[in-house]
Amino acid sequence: MDFDIKTNEKGNLSIGGADAIELTEQYNTPLYVIDEMKIRDNYRRVYEAFSSQYDKFKIFYACKANTNLSVMRILEQEGSSIDAVSPGEIYTALLAGFESERVLFTGNNATDEELKFAVDSGVIINLDSISALKRLSKLTDPEEVKISFRVNPKVGAGHHEHCITGGDLSKFGVMEEEAADVYKLAQDLGFAPIGIHTHIGSGILDPEPFMLAVETLMDVAGRVKDEAGVKFEFIDFGGGLGIPYTPDEKKLDLKTFSKEIVGLFKDKLNEYNMGNPTMFIEPGRYIVGDASVLLTKVNTIKQSYRKFAGVDTGFNTLLRPSMYGSYHHIVVANKPAAENTQKIDIAGNICESGDLFARDRPMPEIEEGDTLAIFNAGAYAFSMSSEYNSRPKTMEILVNDGESEIVRERGTFADVLTNQNVPVRLLKK
Ligand SMILES: *Cc1c(COP(=O)(O)O)cnc(C)c1O
């Protein structure tokens, strides 16, 4: 297995040096536990792999994976920049202490109000369409704003069809064939574009499609440079670096991966005489995916047509299994090394048949009162959570070297009801 499951001397799961069962006693369940050192290690591993080969290199953490302010603070301290996909994420990034030059706004189908918000925030604006370019030109002095374009390079990849963001079915970006014309149009409107961007998909463990995207984007950049005379300050290959979720998936070989990408990048810079632009990548999942565990307590064992272990949360808290059919590894936190003896469904508490964390999963014996640990719940986990079934959002804690702190309080019924208004005529009896 290519991710670690640590058992402490009490026989319980250890997360960042803290005892998972003691955490549930202190904070209750369901509980997201974020391991600070995992985030720092992941960031440093990526930074080292790329920057050791090309020193003008920056990581723009794609914060939609996990926007917890403490996670953002940790990455700010590490020196990261931020890829933000909405005004709310720009706001969160600025609040977390990122200067505006460290924030790239990659909107899609952005409204005029959203573009204006990005302009006022002073962030770099990565445009997704000619429409957005034209509308932006009317909202601001083009000389005052730094822009780039997202190019769709006709290649896509990802762990699920919803996660493929390049290729001829994808809604994102401008077509590679029209790129040079789009940059010329931007110049005609008074902009001086500084970058080019692509992001082909998510959960990529195979370097092949990523390499193809790098090659295509570099060829497009070369053409844009030759035909429109753009001098790129940055070339951004997006995110998508995958992590193993199942026991038989292998970790990305980051050294080989970065070597191949940087090698190709440098060759293409030479081929097109593009100077030394900064290379950006935008990992989200890779930085935070394995850094959190979701702890949930089994309250019901039921043998009906199938055998179920029912737990105290559901897809309101972790959507990926229901939405993408994603596998998340699950262990019994009070006996993480126990042998599997059965196949069982792990069911959430939301009133939907699709609310399952696992179907027919080989597991050890499970009893009511056991705590389950759902792994790799750091990316697209809390950030996709909802209050469906009027269940308040769950608590997040941060662990570091055995110590724990609350970084998001448990939601309340008042939160679920917030912002509602009942017309007075409906109140009259
Ligand atoms: C979501 C997203 C990413 C991050 O994708 P990961 O698979 O989490 O690395 C990067 N860039 C853009 C534009 C995105 O929308």
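**Figure 1. Antiparallel pairing of β2 and β3 in the predicted model.** Strand β2 (residues 13-15) pairs with β3 in the antiparallel sense over two bridges. Strands are DSSP runs (E, at least two residues), helices are runs of H or I with at least four residues, and both are numbered from the N terminus; two strands pair if DSSP finds at least two bridges between them. Within this pairing, Asp-19 of β3 is the bridge partner of Ser-14. The open sheet consists of three strands in the order β1-β2-β3, with antiparallel pairing. Its edge strands, β1 (6-7) and β3 (18-19), each pair on one side only. The structure is a predicted model, in which local features need pLDDT of at least 70 and side-chain atom pairs count only at pLDDT 80 or more, whereas totals for chains, interfaces and linings use all residues. Residues are numbered from 1 along each chain as its sequence is written, and side-chain values use heavy atoms, with hydrogens and water left out.

**Figure 2. The hairpin of β20 and β21.** Strand β20 (residues 395-400) and strand β21 (residues 403-408) are joined in the antiparallel sense by five bridges. Val-399 stands opposite Ser-404 in β21. Two residues lie between the strands of this hairpin, and Asp-401 in the turn has a positive phi of about 55°.

**Figure 3. The loop between α1 and β4.** Pro-30 is located in the loop between α1 (20-27) and β4 (31-35). The peptide bond leading from Thr-29 to Pro-30 is cis, with omega near -5°. Asn-28 also has its place in the loop between α1 and β4; phi of Asn-28 is near 75°, a positive value in a residue other than glycine.

**Figure 4. Surroundings of the ligand.** The ligand is surrounded by 15 residues, the closest being Lys-64, Ser-202, Glu-282, Arg-285 and Tyr-380 (a residue counts as near if one of its heavy atoms lies within 4 Å). This shell divides into three nonpolar, seven polar and five charged residues; Gly counts as polar, Tyr as nonpolar, and Asp, Glu, Lys and Arg as charged.

Figure 5. Polar contacts are pairs of N or O atoms within 3.5 Å. A ligand nitrogen atom lies 2.6 Å from an N or O atom in the side chain of Glu-282. A ligand oxygen atom is 2.5 Å from an N or O atom in the side chain of Tyr-380, and an oxygen atom of the ligand is 2.9 Å from a polar backbone atom of Gly-284. Taken alone, the ligand exposes 390 Å², of which the protein buries 94% (Shrake-Rupley method, 1.4 Å probe).

Key. Polar contact = N/O pair within 3.5 Å; in protein donor to acceptor, adjacent residues only side chain to side chain.
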